[in-house]
Amino acid sequence: MLDLLDKQSFSANKQSFSTNKQSFLLDKIQQDLKQTQLAKDELGLSTLRMLLSEIYNAKIQKGNELSDQDIISVVQKEAKKRKEAALGFRQGSREEAALKEEAELKVLETYLPKQLSDEELIGIVQQVITETGANTIVDMGKVIGAVMGKVSGQVDGSRVSNLVKERLS
């Protein structure tokens, strides 16, 4: 009888432990989904459902729990899709669809880290250029890699690329 109780308590502890491994960001997204359901916010609801679907797909692909950094990467990919879609819709004279994509982008941006200002990014790029001794456009890849390692998740890669190209030209 005692063995049975020990196994049950171990099983219960194991279950509670596995739920504690879930990332803070995923918990927040799931809580926000519930809030949008209660608020009957259709745009937020559909955006968060899509985001959770993409997170679960990434989890399946990885075959493991996702860290907050992994989830931020998924959010960044989805945000980039929204930016590109909005631009495409504008070029196709579909303003209403572009506005919807931008509204979804605003929802996604709430789960991204604060973006660095241009001044902060310029300082980091200058520091990396100095550290690596880069002085020509040939060194661009080395500089971008080092900068992205320092600012992961806080800056869009195209901003870094444009700034490094400008500094090395």
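How many cavities of 30 Å³ or more does a search of the whole structure find?

Modeller: One cavity of 30 Å³ or more turns up in the whole structure. First, the ground rules. The model is predicted, so local features need pLDDT of at least 70, side-chain atom pairs count only at pLDDT 80 or more, and totals for chains, interfaces and linings use all residues. Residues are numbered from 1 along each chain as its sequence is written, and side-chain values use heavy atoms, leaving out hydrogens and water.

The search runs on a 1 Å grid over the protein atoms alone. A cavity is a set of points where a 1.4 Å probe fits but cannot get out. A pocket is an open set, with protein on both sides within 12 Å along at least five of seven lines. Lining residues have an atom within 4 Å of a point. Points join across faces, edges and corners, and a volume is the space filled by probe spheres set on them.

The largest cavity holds about 30 Å³. Its lining is L26, I55, Y56, K59, E65, L66 and I71. By class, five are nonpolar, none polar and two charged. Here Ala, Val, Leu, Ile, Met, Phe, Trp, Tyr, Cys and Pro count as nonpolar, Asp, Glu, Lys and Arg as charged, and the others, Gly among them, as polar. α3 gives the most to this lining, three residues.

Now the open space. The second largest pocket has a volume of about 180 Å³. It is lined by E54, N57, A58, Q61, D70, S73, V74, K77, E78 and K81. α4 gives the most, with six. The class count is two nonpolar, three polar and five charged.

The largest pocket has a volume of about 410 Å³. It has 19 lining residues, and Q76, K83, V155, D156 and G157 are the closest to its centre. Two or more lining residues come from each of α4 (68-91), α5 (95-109) and α8 (157-168). α4 again gives the most, six residues. The lining divides into six nonpolar, six polar and seven charged residues.

Next, the chain as a whole. It has eight helices and zero strands. Both are DSSP runs numbered from the N terminus: helices are H or I with at least four residues, strands E with at least two. Of the 169 residues, 31% are buried. Buried means under 20% relative accessible area, exposed over 50%, and partly exposed in between (1.4 Å probe, protein chains only). Among contacts (heavy atoms within 4.5 Å) between residues at least 6 apart in sequence, 60% join residues at least 24 apart.

Two loops deserve a check. Most residues other than glycine have a negative phi. K40 has a positive phi, near 55°. K40 sits in the loop between α2 (24-39) and α3. At 68% relative accessibility, K40 is exposed. S93 also has a positive phi, about 60°, and is not a glycine. S93 lies in the loop between α4 and α5. Its relative accessible area is 67%, so S93 counts as exposed.
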